[in-house]
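Here are my notes on the model you sent.

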Amino acid sequence: MIATTHPLSGSQTSIAFSVNGKSVNAAVSPVERLSKVLRDRLGLTGTKVGCDAGDCGACTVLLDGEPICSCLVAAGQIEGHEITTVEGLATRAPIYDQLQKSFLRHGAAQCGACTPGMLVSATALLERCVAPTEDAVMDAIGGVLCRCTGYRKIITGIQDACSGKIAEPSPLAGNAVGSRLVRLDGQSKVDGAEIFGADEIPAGALVVRAIRSPYQHARFRFGDLDAFVAAHPGIRRVLTAKDIPGENRYGVIPRFADQPVFAEVEARFRGEAVAAVVGEAEAIDALDYASFPVAWQDLPALTTIAAALAPDAERIHPSRENNVLVRGRVVHGDVEKSLADADVVVEDEYESGFIEHAYIEPEAGFARRVNDRIEIQACTQAPYMDRADIAQILGIPPEAVRIIPTAVGGGFGSKLDLSVQPFVALAAWLLRQPVRMVYSRSESIVSTTKRHPSHIRVRVGATRDGKLTAMDFTADFNTGAYSSWGPTVAARVPVHASGPYYVPHYRALTRAVHTHLVPAGAFRGFGVPQTAIAQEQIYDDLADRLGIDRLEFRIMNALDDQTPTVTGQVLGEGVGIRACFEALRAKWSAARAEAATFNAKASGPVRHGVGIAGMWYGCGNTSLPNPSTIRVGLKANGRIALHQGAVDIGQGSNTIVTQICADALGAPIDRFDLISGDTSITPDCGKTSASRQTFVTGKAAYMAGIELRRAILRLADACKCAVIGFADGTVTVRKDGKQRTFSLRDLPLDKNGYVLTGEATFDPPTSPLDENGQGTPYAVFGFGAHLAEVAVDTELGTVRVLKITAAHDVGRAINPTLIEGQIEGGAAQGLGMALMEEFFPGKGENLHDYLIPSAGDMPPVESILIEVPSSIGPFGAKGIGEQAVIPTAPAILNAIHDAIGVRIRRVPATPDRIRAALVAPASRRPDGRAGCPPDSRPDADATIRPEEKHA
Ligand code: FES
Ligand code: FES
C-alpha cells in the first residue's frame, strides 16, 4: 500500500530553545520536525505545512533571524537557538506592521496558506534592506510557493511596505461597489491566525489514516484485521466498506455518483482507499504500514483513452459501455457542407495531460459526533454538497450533518469533491470520539482529482476574406476511475469550443472516458482551458493561412450582442469580447514591432514572439439550476448580520458579497458582521465553482439587501428613495428634510432573531439544451483576451514569459484589487499549464517533481478591466475566477510559434518538446538552420496540415 506518512523515531528528550522571544523547554524526540514541534506541541499553527519535504516553503520560520524550512529541521538541531514564527514577527521587527498593511492593501494574501511563509521571508529581507529591488524580493521569496496570486501582488506588497502608503478608507454608504476595499477577512491571514483544516485539534481526538492501493488496478483481500488491531496498542479500529452504515458511494453529481469510500473487492486507481486505521496519534505515527494485513493482486490497467475505448477493453464500470461515462454534443447548421465550401480549411490535433491543483494546503479536517448528529470541520468548497453525501454514507438525514468549512488554502475545483470528510465522519460516528485527518502531500496528489487529460481534434473553415464558416470539434477526456465532474466537463466543453466567435456551422462532440487512473474532476475552467489551447492555436494558423493579422481575424469574427452563439443563444447585451480585443490592439502592434526589432538584431539563440488568445466562459452551472440564498438581518444593536454561505477559498467572496449587499441596502461596510459558511447557520449558497459566486450569490446578496431596505422603509412608511442611516441601536429614515428614528431594541425579534430580515434566492435563468445542444446554457458569460510576450532559447528549448497583458470583461468591477488578484493568479496557472505542469500517475507524487510556477517564473501581468455590464448580474457584474486562466496558455503557445515557427501541440511546452519540434525537418528554415525562426513559416505544410480547398 502507499505509505502516507514517514514517522520519525527516537526517544524523547528535553530541548531548550527560544520561540518568539520566550524560552521553551520541550520534551520531544530530537528527530521530530521543528514544524511539528511548533504546531502540535506549542500550538503555533501560523506555521503551515504544505509538503513536509522542503518544497513549498509554507513552513518557513526564522532560525536566529535566517529563514529556514522548519519541516527540514530536526528538533535536536534547535537546542539553544532562537526561532521566530509568523506569530512573533510583530515583536521582533517594527517593519512588520507596515508589511502586513501593505499585504492587505495590495491584496497579496488570497487563500492565505502561503502568507505566513511569505511574511517570514519578507521580514528577514526587510530587516536587512528597507528598499529591496524586485530581484532581491524574488530571491527572498523564491523558496515559498503560492498557487493563488501569481506573486506580483506579493512582490509589490513587500517592495511597498516601507512607502508609508495607507489603504483607501472604508467607503461611505453606497460607495462600496467599485472600491478597492481591503479584504474583510484579511487580517487573520496576515496575523497567521487563520484556521485551516489542519489547524484545530479537538481534545481527545483520534487520528484516521487511509490504506490505499499501490496499484492502478488491483484485487485485494484482507487478513485478520482484529488481530492487527489487537497487536497494536493505541490502534482502536480498522474501517472497511463493511462498516459503512449507509451507502458506500458518493459523487458530486448524484445521478452519476459512483465512488466508494472504500473499494470493496477491486481498487480502480492507485491511491484508492480500501481501509482506514483509527487510533491515537502516536500509535498512528508509529505504525509500520507494511504490516497492514492486505494481499494485493496486481491486474492489467487501462491507462489511456485509446486503450479504454478499444472494443475488447474491460468495462471499468459494468453499466458504462465502452468505458464512456458520458457524451456531450452541440450541433448547429451543416458542418460538412460548409467545410467543403470553405475557401480555407485547417485541421489539427492537440493533447494535454493530468494537471495537479497543487494548492498549498493539503486536505484536512476533523469530525465529532454530537448525540445523533455529526459535525465536520474541514476545508471544502461545497458544504451543502458534502452534507448530502455524508448523510448518504452514514445513513442519516442531511439535517443531522453539520458542515463547518475552515479557511481553504486553495481549492481551484478539487475541494468540491470529498476527501477527508467520509473517513473522519465514519470514524467519529462509530467510535463516538473526535477524529481528525490530515493528508500528506503525496496522499493529496495520488487520491484527489486532477484536470482532465484531453485529446482534441479540430477542423475549421473560413472564407477568403476571413469569416469563420464552420468548426468540427471532437474531444475525448480521460476522466479516470470515477465520474467526479466528468459529465460537467463533457457538457461544458462543446458549448465553449468555438471560443467567443461567431461560427455559423458547428459540431462539437465530446466523451468522458473511464480509465484506471486517478479521477479527473473540476479544475478552474471545467475543460475549457484545454479546449482554448486547441481553438486559439488553430485560429492563429487559420489567420496565417489567410494572411490576416491574428488579432484582426479575431476581432472580425468576435461575437456581439446580436450574433447567436453555437447553442443558438442571442445574448442581447453584455458581450464584451470585442472590447477586450480592442483594448489590446495598440499593445499588440507595439509588442510585435518590438519583437521583430529584437529578432532582426539577434545574433544568439534567443528569439522573441507575441501571442494572443481570446476566451469566453458561462457563469454558473450548464443548463442546470444553481441557486444561492442570502440572509441579511438587522440586529437590535444596529449592526447587520450577513449570512454568507459562499465559501471564500481566497477569491474574495466574503468581501465582494458584502460590498454588493451593503450598496443594495445603503449601509456602510463597517456595520456588517459576516457569518461565513456553516450549514447550520448560513443558507445554501451553492458551491464555490464555475465563476458563480460574484454573479449568483452576489445577486442573491443584492436582492436580500434590497429586501431588508424595503422592510426598513416600510417601518417608516417611506418611499424607496428615502435615505437610511444606521447607528448603534437605531435606524433613521430621512426624506425631504424629515426624519424618523427607530430604537431597534424596542422592536420585536423575528424568527431569525433579528429586528428585520431580508432573505432572497437567485437562480440564473437558463434552459435545458435540446438533443443538439441548442438552448440557453448560461444567463451570463464573461469574456477576456490575453497577450503574451515570450523569449525562446532555441538552443536550450526554454521559454521565458516576458509579460502578460490581460483584458477581461467583468461586467462591473466590484473590487478591482480582488479581480486583479484573480487575473494574475489565473495567468500563473495558465503559464504553468503552458510550460511546465503535467502529472504522471505513479511518478513524482510531490511538489519537488511536480513543478508549479515560482516567483521567478512569473512576468509582470497588466490587467485591463473592461466593464460591459450584464443586466442580470449584481450591479452588472459577471464572474472572473475561471475566466482568468483560460487564455494564458494558448497566448503563450501562440507566442512561442510566433517566435520560432513551431507549433507545440502537446502541453506543456517543455524544453525537450520545443527542441524536438525545432530539430524536426519540418521546422527548419529554408537555409537549413535548425532552431531559428522561419521567415516564411516553412513548417506550415507539415505541421499545420491544412486542407486548402479553394485557395
Ligand atoms: S512544509 Fe516545509 S517546505 Fe513545505
Ligand atoms: S495566497 Fe498564496 S497559496 Fe493561496
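1. The lining of the second largest pocket divides into 23 nonpolar, 11 polar and 11 charged residues. Ala, Val, Leu, Ile, Met, Phe, Trp, Tyr, Cys and Pro count as nonpolar, Asp, Glu, Lys and Arg as charged, and the others, Gly among them, as polar.

2. This pocket has a volume of about 1100 Å³, taken as the space filled by probe spheres set on grid points joined across faces, edges and corners. Its lining has 45 residues, and Ile253, Thr488, Asn621, Thr622 and Leu624 are the closest to the centre. A pocket here is an open set of points on a 1 Å grid over the protein atoms alone, where a 1.4 Å probe fits, with protein on both sides within 12 Å along at least five of seven lines; lining residues have an atom within 4 Å of a point.

3. Helix H15 (486-496) is one of the elements that supply at least two lining residues, and H15 gives the most, with 6. Helices are DSSP runs (H or I, at least four residues), numbered from the N terminus.

4. The model is predicted, with local features needing pLDDT of at least 70 and side-chain atom pairs 80 or more, while totals for chains, interfaces and linings use all residues. Side-chain values use heavy atoms, without hydrogens and water, and residues are numbered from 1 along each chain. Mean pLDDT (the predictor's confidence in each residue, from 0 to 100) is 93, and 96% of the residues score at least 70. Over residues 923-951 the pLDDT is below 50. Where pLDDT is low, the coordinates should not be read in detail.

5. There are 0 disulfides (cysteine sulfur pairs within 2.5 Å). The sulfur of Cys719 lies 3.3 Å from that of Cys721, too far for a bond.

Key
Chains lettered and ligands numbered in written order. Contact = heavy atoms within 4.5 Å.
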